[in-house]
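Here is a short report on one part of a protein model. Please keep the sequence and the 3D view at hand.

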Amino acid sequence: MHAHGRVLRLLASLAAALAPLPALACTLSVTNNGALGMAVGNNTQLGSQLGGGSAATLTTILPLLSGVTIDVGAPTLVQQPAGYSFGTSTPEVAYTAGVLNLVPIKTQPYTAGASSFPTGLLGIVTVTIVMHNRVTNTAGFPAGHYRTRTVVTCHP
């Protein structure tokens, strides 16, 4: 009986090791939210690469057995003060993705649309995405709080 229990435990351990692991899915983590700054002497552009702004940073751990595709949605302006005129408001996103911030995988210049890229990598690897958002509006930006959002997802 005692040996039988060991065999069952061993078989259960093997089944757990061979079963699909949660590591087959990718995990995204925001490590820095980023901030928008105002272009010096120009009230028509806010951005993370302008006066006092900073990039958002995301990391994803790729699954062990398959590469993934990372989708970057079109950016949106989700918070603005009362009196803001959307006029010709154009939110844009740009990003660079790389393995451990060393080996570039994808560089996307500013775009108002969605984009995606396959990582083409296997193994438990960390990909870092440094993301910049900006909003251009010929009507200008009244004083207040502004916030943009870009949704990033990953899938096999």
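The text below covers a strand, its pairing partners, a surface patch and a serine.

This is a predicted model.

**The strand and its partners**

Strand S7 spans residues 90–99. Of its 10 residues, 8 are buried, so S7 is largely enclosed by the rest of the structure.

| Partner of S7 | Residues | Sense | Bridges | Residue pair |
|---|---|---|---|---|
| S10 | 126–136 | antiparallel | 10 bridges | Val99 and Val127 |

**The surface patch**

Leu100, Leu102 and Val103 form a nonpolar patch on the surface. Val103 belongs to strand S8.

**Ser115**

Ser115 lies in strand S9, residues 115–118. Is Ser115 buried or exposed? Its relative accessible area is 16%. The cut-off for buried is under 20%, so Ser115 counts as buried.

Which residues does Ser115 touch, leaving aside those up to four places away in sequence? They are Ile70, Asp71, Val72, Tyr95 and Gln108. Ile70 is 45 residues from Ser115 in sequence. In space, their C-alpha atoms are 8.6 Å apart.

Methods:
Residues are numbered from 1 along each chain as its sequence is written. This is a predicted model: local features need pLDDT of at least 70, side-chain atom pairs count only at pLDDT 80 or more; totals for chains, interfaces and linings use all residues. Side-chain values use heavy atoms; hydrogens and water are left out. Buried means under 20% relative accessible area, exposed over 50%, partly exposed in between (1.4 Å probe, protein chains only). Helices (H or I, at least four residues) and strands (E, at least two) are DSSP runs, numbered from the N terminus. Two strands pair if DSSP finds at least two bridges between them. Patches are made of residues with over 30% relative accessible area and no salt bridge: like charges are joined within 9 Å, nonpolar side chains (Val, Leu, Ile, Met, Phe, Trp, Tyr) within 5 Å. Accessible areas come from the Shrake-Rupley method with a 1.4 Å probe; for residues, only the protein chains shown count as cover. A salt bridge is a side-chain nitrogen of Lys or Arg within 4 Å of a carboxyl oxygen of Asp or Glu. Contact means heavy atoms within 4.5 Å.
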